[in-house]
Amino acid sequence: AHLARIDAVDEKVHAFLHVDREGALAQARAVDEKRARGEKLGPLAGVPLALKDIFTTEGVPTTVGSKILEGWIPPYDATVTKRLKAADVVILGKTNMDEFAMGSSTENSAYGPTGNPWDLTKIPGGSGGGSSAALAAFQTPLAIGTDTGGSIRQPAAVTGTVGVKPTYGAVSRFGMVAFSSSLDQGGPCARTVLDAALLHEVIAGHDPMDSTSIDAPVPPVVEAARNGSVAGMRVGVVKQFRGEGYQAGVIQRFDESVELLKELGAEIVELDCPSFDLGLSAYYLIAPSECSSNLARFDGLRYGLRIGDDGSRSAEEVTSLTREAGFGPEVKRRIMLGTYALSSGYYDAYYGSAQKVRTLITRDFEKAFEQVDVIVSPTTPTTAFAIGERVDDPMAMYLADLCTIPTNLAGNAAMSLPCGLAPEDNLPVGLQIIAPAMQDDRLYKVGAAVE
Ligand code: GLN
């Protein structure tokens, strides 16, 4: 049924880069056979899922939305892919994304944009717009995203779906193509809080193949999602998450959510987190710096695309021609920014300062969580903007992640879930819930209460 739905709508939505029809049917049949033999089934047996095209899938193309990996077929599964298969999930295919997860609209995909199913002329968010659009268009009940600065939560917000960025280190990065390794985190996307929790439990947990993977039990997210409540909880509202640049309808729905939390028995606490204002600037030094190092491996020799290798050119020339043709403009911009920020003589002024800001933001969170159990905010300052509206203005594009970035810098956990439509455009508004590191279950407890 989901493959048929994809056939019916994906020409318009363009959520998928690759539909693995045969693989999906084979996985579904394997589940049926297991059931017939009376074997124990995985926890999500037979449930279809759309996988962001940043996770390697053995025998199935993985492009990361880039021409530089066009035609590359990975020889191995990411840990997330492996865990999905072990849970008997049916992987429908790979979803569209901004190239190397750099963007907030999916317009930076080398394979064309994805439409927002609420209004196809609007962006579905980014970088994981394919996953969020597939959920909103009912092409899949579950999806996987990755969140470096907001790429799970911002797409969830603008498509009226649920997305969770778990605590950094909770979900293995092995086989997840690296953008900014100290920020990147995979996580669950779904249409309900409980669905997200069920998926969270399957993909999270320690992995010796990822040196930053946390070796501790996964917080009880499913139990929390089944027992939503905020009674007696202290909920923080941060002064810095409103003001100029926020759409009136977004603030209106957010304020109503805060009222609802009060009615349900939460105590609301006003918080001041002054360093949050510097989050965006710090992020746009740290993320490009790490990306300029991570993307050095795409040299035209090891993977995918290779241009000009006709025997007359040096390896260096082939690398240069391949990168020129294979990387899109935003990726090139980030590599240049990062290389500059890390270069000798500028390192302390740029990268060093950004790391100090990162520490200040972490301290703001620590202080905040001495006073409250969770923090709430709008997920994004505005609802979905029009395709094309911000492509020529990177600064405007970067603002989409104003509320999501502090969490990535500090490494704690956050969720976005729908909190109504903005009256001025009838488009979905996202409520963000933020919890301390390794307290991911609080997101689900609160999310389930207000859903
Ligand atoms: N939009 C942000 C960026 O372009 C975040 C991307 C992400 O989380 N992968 O870097």
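**Backbone geometry and ligand shell**

1. His-14 is buried, as 22 other C-beta atoms lie within 10 Å (a residue is buried if 20 or more other C-beta atoms lie within 10 Å of its own, exposed if 12 or fewer, and partly exposed in between, with C-beta atoms placed from the backbone). The phi of His-14 is positive, near 55 degrees, and the residue is not a glycine. His-14 belongs to the loop between α1 (2-13) and β1 (16-19); helices (H or I, at least four residues) and strands (E, at least two) are DSSP runs, numbered from the N terminus.

2. This is a predicted model, in which local features need pLDDT of at least 70, side-chain atom pairs count only at pLDDT 80 or more, and totals for chains, interfaces and linings use all residues. Residues are numbered from 1 along each chain as its sequence is written.

3. Phe-100, also not a glycine, has a positive phi of about 55 degrees. It counts as buried, with 30 C-beta neighbours inside 10 Å, and is placed in the loop between β3 and α4.

4. The peptide bond from Gly-126 to Ser-127 is cis, with omega near 10 degrees. Ser-127 lies in the loop between β3 (90-95) and α4 (129-136). Most residues other than glycine have a negative phi, and most peptide bonds are trans.

5. Around the ligand there are 13 residues, of which Ala-101, Ser-104, Thr-148, Gly-149 and Ser-151 come nearest; a residue is near a molecule or strand if its C-beta atom, placed from the backbone, lies within 6 Å of it. The shell comprises four nonpolar, seven polar and two charged residues (Ala, Val, Leu, Ile, Met, Phe, Trp, Tyr, Cys and Pro count as nonpolar, Asp, Glu, Lys and Arg as charged, and the others, Gly among them, as polar).
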